[in-house]
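Subject: Handover of a structure

Dear colleague,

I am passing this structure on to you, and below it you will find a description of what came out of going through it. Please keep the sequence and the model open while you read.

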Amino acid sequence: MSRSDADELAQTAERILTVDAKRVGGDAFLLSPELRGLLTARLSAFRDKHQSLSMKSGSRSGNAVLLKATMSALRERVRDGYNYLLALPTFRVPQDQKQSAFRAYGFEQGKLGGLERKQRVLALARLAVSVTPSVQPAACQYPSDLLQQLQDLLDVVSDAEPGAKIGNRSAATIERDKAFEELQRIVRRVRHFYCSCSDDVDASEELARVGLNPVRRSGQRKTKAENGVKPPEGPLPPINSTP
C-alpha cells in the first residue's frame with residue numbers, strides 16, 4: 001500500500017461523511033446510522049494506526065542514529081580503559097599483576113582485540129562496571145569518571161535499543177494495513193449502497209459527489225450526430241491528396 005493509496009482512501013471516506021451530513025430525511029442516498037457509524041469508526045481507527053506507524057518510524061530512525069553514536073562513544077571508552085592499564089608503569093604495578101588485571105577486564109593475553117562487534121563492546125563495558133571494585137591491585141581499577149561514562153553510555157543503549165528494532169515498526173505496519181483493509185471494505189459497501197438507490201446503478205452521479213467515479217458505459221456516449229455535428233457530405237478525399 002502506497003502513501004497515495006492511503007491518503008486517497010481516507011479522503012474518499014471523509015468526503016462521503018461530509019456529503020452525507022448535508023443530506024436530509026427522505027434522500028434515498030442518506031446513509032443508515034449503522035453504515036455511517038461504521039464508516040466513521042473505521043476512518044478514525046485507520047487515522048490512529050497510520051499516525052502510530054508514522055511516529056514509530058520516526059522514533060525508530062531517531063533511536064537508530066542515537067544508538068550508532070552511543071556505540072561509537074562506548075568503543076572509545078573501552079579503548080580508554082585498556083590504554084589506562086597499558087600505561088601503568090611496571091615500577092608501580094608489576095607485569096604479572098597487570099596481566100591479571102587485563103584478564104579481569106576481559107582483555108585476554110593483554111591484547112585489546114577487535115571492537116567491531118557490538119556485543120563484544122557491550123560485554124567489555126558491562127564487565128568493567130561490575131569488576132572494577134574487586135580488581136587488585138587498586139592502582140589497576142578504572143578511574144571513577146571513566147566508570148561513570150561507561151555506565152551512562154550503557155544506560156543510553158538500554159533505552160534506545162528497543163526502539164531501534166524493526167520489529168516494533170513491523171507490528172505497527174500490520175495494524176495499519178489491517179485498518180486500511182477494513183476501511184476499504186466499508187467504502188465498498190457504501191458504493192454498493194449508492195448503486196442500489198437508483199436505476200442509474202453504478203453510473204449514478206452521486207458516486208462522483210463523494211469521489212467514487214461512476215461507470216461510463218459505451219451506450220452512454222453520444223454520437224457526433226446527437227451532439228449536432230453533421231458528417232461531411234459527398235465522397236471522402238483520398239489519403240494524402242492535395243486539396
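**What was found**

Gln-109 has a relative accessible area of 68% and is therefore exposed, where exposed stands for over 50% relative accessible area, buried for under 20% and partly exposed for what lies in between, with a 1.4 Å probe and protein chains only. This residue is found in the loop between α3 (95-104) and α4, and its phi is positive, at about 60°, although Gln-109 is not a glycine.

Before going further, please note that this is a predicted model, in which local features need pLDDT of at least 70 and side-chain atom pairs count only at pLDDT 80 or more, while totals for chains, interfaces and linings use all residues. Residues are numbered from 1 along each chain as its sequence is written, and side-chain values use heavy atoms, with hydrogens and water left out.

Val-201 lies in the loop between α6 (166-195) and α7 (205-209), and with 37% relative accessibility it counts as partly exposed. Another backbone feature is the cis peptide bond that joins Gln-136 and Pro-137, with omega about 0°; Pro-137 belongs to the loop between α4 and α5.

Turning to the aromatic side chains, the structure holds eight aromatic pairs, a pair being two rings of Phe, Tyr or Trp (its six-membered ring) with centres within 6.5 Å, called stacked when the planes are under 30 degrees apart, edge-to-face when over 60 and tilted otherwise. One of them brings together Tyr-84 and Tyr-142, whose ring centres are 6.4 Å apart and whose planes stand at 85°, so this pair is edge-to-face. It links distant parts of the chain, since Tyr-84 sits in helix α2 (residues 33-86) and Tyr-142 in the loop between α4 (118-131) and α5 (144-164), 58 residues apart. Tyr-84 is partly exposed at 30% relative accessibility, whereas Tyr-142 is buried at 6%. The rings of Phe-102 and Phe-107, with centres 6.5 Å apart and planes at 80°, likewise form an edge-to-face pair, and both of these residues are buried.

Tyr-142 and Phe-107 return in the lining of the largest cavity, together with Val-78, Tyr-105, Leu-124 and Ala-128. On a 1 Å grid over the protein atoms alone, a cavity is a set of points where a 1.4 Å probe fits but cannot get out, a pocket is an open set with protein on both sides within 12 Å along at least five of seven lines, and lining residues have an atom within 4 Å of a point.

The largest pocket holds about 270 Å³ of space. It is lined by 13 residues, and those nearest its centre are Glu-8, Leu-9, Thr-12, Gly-211 and Leu-212. α1 (3-21) and α6 are the elements that give two or more residues to this lining, which divides into four nonpolar, four polar and five charged residues.

Helix α4 has 14 residues, and its buried residues include Val-121, Leu-124 and Ala-128. The C-alpha atom of Val-121 is separated by 9.7 Å from that of Glu-76, 45 residues apart along the chain; Glu-76 is found in helix α2 and is partly exposed at 36% relative accessibility.

Finally, the structure holds zero disulfides, taken as pairs of cysteine sulfur atoms within 2.5 Å. Cys-195 is in none, as the nearest cysteine sulfur, that of Cys-197, is 8.8 Å away. Cys-195 is buried, with a relative accessible area of 13%, and Cys-140 is buried as well, with 0%.

Best regards

Notes. Helices (H or I, at least four residues) and strands (E, at least two) are DSSP runs, numbered from the N terminus. Grid points are joined across faces, edges and corners, and a volume is the space filled by probe spheres set on the points. Ala, Val, Leu, Ile, Met, Phe, Trp, Tyr, Cys and Pro count as nonpolar, Asp, Glu, Lys and Arg as charged, and the others, Gly among them, as polar. The expected span of a helix is 1.5 Å times one less than its number of residues.
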